[in-house]
Amino acid sequence: MGNEHVGSKDSEGTEAAVSLDPKIAHHSTYIDETKRILRTYVECESYEELERKVVEENILNKDTDEYRTNILREVTRRHIPNKNEYTETPLMKVISADVRSDVTDWCLYYEFAQDPFIRLVTLDFMYPEFERGTLSVQATDIVTFIESIQEEFADLRDRSESTINEAATKYLTALRNYGLLEGTQRKEFAVTYVPDEAVAYVVYRLFQKGAKSASDVIEHDDWKVFLMNESEVQRRVRDISPQFVSYEKRGSTERLITKHDSIEDLINAF
């Protein structure tokens with residue numbers, strides 16, 4: 001059962017150029033709607049049937065066809081890889097399984113935060129601010145950051161001031177909705193606790209996404225979307241329930257054993 005991953009320092013190499021679309025932050029996080037849509041998709045195993053249920057049957061209880069269609073389009077863009085062929089992702093399995101709501105919400109946040117725009121702002125601005133001891137942030141801080149990198153990304157270069165302002169506001173609202181921030185105008189960093197199950201989910205997802213060794217996982221930038229530094233990641237993975245993973249570090253050697261053969265088996269154990 002499971003797999004053993006051993007590694008000393010094993011860096012990942014440079015990231016490929018990303019496509020940034022600040023429109024991601026113009027939409028609501030749609031947390032409850034996403035759960036309902038993905039759960040329904042797993043039940044009917046057909047995008048065409050899902051679309052019918054959302055738009056015609058109005059399972060989301062929204063006022064207009066246009067609004068229902070827009071929500072479905074946004075959730076599809078984020079979380080449904082192929083409209084023509086049914087594919088059950090790990091997130092869909094979490095959402096459709098009998099898993100605690102806090103575990104589901106953190107797994108959903110992890111996948112939401114993989115959007116290139118959300119990920120970039122979180123890793124390159126929010127995480128450093130958090131590590132620096134900054135207590136709160138506001139939309140103008142995000143605007144200043146986006147403007148500082150605008151010339152580096154073609155997708156951002158020609159965006160209007162109003163687009164950038166709205167993206168900044170909606171970005172902060174998204175992080176508040178997922179529980180990383182709290183407050184209204186000025187958002188403060190919240191005290192959070194990512195459950196063991198969600199930590200294990202990320203470990204298995206990182207191996208799925210190409211991590212080769214224990215150090216690849218512990219040092220991966222993805223943890224920064226939770227505002228977790230490397231030492232905290234190491235502690236959380238070390239202290240996690242041994243039914244999910246086993247981790248130890250001796251000198252420069254790290255050993256990480258995943259106790260299940262697949263992420264689907266892991267989710268079944270939640």
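A: A definition to start: axes are lines fitted to C-alpha atoms, for helices over the stretch in contact, and angles run from 0 to 180 degrees between N-to-C directions. Helices (H or I, at least four residues) and strands (E, at least two) are DSSP runs, numbered from the N terminus. This is a predicted model, where local features need pLDDT of at least 70 and side-chain atom pairs count only at pLDDT 80 or more, while totals for chains, interfaces and linings use all residues. Residues are numbered from 1 along each chain as its sequence is written, and side-chain values use heavy atoms, with hydrogens and water left out.

Q: Fine. At what angle do α2 and α3 cross?
A: At roughly 140°, with the axes of α2 (residues 47–55) and α3 (residues 65–79) coming within 9 Å. The α2/α3 crossing is right-handed. On the term: a crossing is left-handed if the near helix is turned anticlockwise from the far one by less than a right angle, and right-handed if clockwise.

Q: Which residues meet there?
A: From α2 they are Tyr 47, Leu 50, Glu 51, Val 54 and Val 55; from α3 they are Asp 65, Arg 68, Thr 69, Leu 72 and Thr 76. By class, the contact of α2 with α3 has five nonpolar, two polar and three charged residues. Here Ala, Val, Leu, Ile, Met, Phe, Trp, Tyr, Cys and Pro count as nonpolar, Asp, Glu, Lys and Arg as charged, and the others, Gly among them, as polar. Contact means heavy atoms within 4.5 Å.

Q: And which α2 residues are buried?
A: Tyr 47, Leu 50, Val 54 and Val 55 are buried in α2. Seen down the axis of α2, its buried residues fall within an arc of 115°, so they line one face of the helix. They pack against α1 (31–44) and α3. Buried means under 20% relative accessible area, exposed over 50%, partly exposed in between (1.4 Å probe, protein chains only). The arc is that of the directions from the helix axis to the C-beta atoms.

Q: What about α12, which residues are buried there?
A: In α12 (residues 230–239), Val 233, Arg 236 and Val 237 are buried. Seen down the axis of α12, its buried residues fall within an arc of 95°, so they line one face of the helix. Their packing partners are α10 (196–208), α11 (214–218), β5 (245–250) and β6 (253–258).

Q: Switching to the core. How many residues are in the largest nonpolar one?
A: It has 86 residues, and Met 126, Trp 223 and Phe 226 have the most contacts inside it. The largest share of this core, nine residues, comes from α10. A nonpolar core is a set of buried Ala, Val, Leu, Ile, Met, Phe, Trp, Tyr and Cys residues joined through side-chain atoms within 4.5 Å.

Q: What is Phe 226 in contact with?
A: Leaving aside neighbours within four places in sequence, Phe 226 is in contact with Trp 106, Tyr 109, Tyr 110, Leu 180, Val 194 and Val 202.

Q: Back to the strands. Is Ile 257 buried or partly exposed?
A: Ile 257 counts as partly exposed, because its relative accessibility is 24%. Ile 257 sits in strand β6. Beyond neighbours within four places in sequence, Ile 257 is in contact with Asn 3, Glu 4, Phe 244, Val 245 and Ser 246.

Q: Where is Glu 248?
A: Glu 248 is in strand β5. Glu 248 is partly exposed, with a relative accessible area of 32%. Leaving out neighbours within four places in sequence, its contacts are Thr 253, Glu 254 and Arg 255.

Q: Now backbone angles. What is phi at Tyr 30?
A: Near 50°, a positive value in a residue other than glycine. Most residues other than glycine have a negative phi. Tyr 30 lies in the loop between β1 (3–7) and α1, and counts as buried at 8% relative accessibility. Glu 45, also not a glycine, has a positive phi of about 55°. Glu 45 lies in the loop between α1 and α2.

Q: Last one: where is Ala 174, and what is it in contact with?
A: Ala 174 is found in helix α9 (residues 161–177). Ala 174 counts as buried at 5% relative accessibility. Aside from neighbours within four places in sequence, Ala 174 is in contact with Thr 29 and Phe 112.
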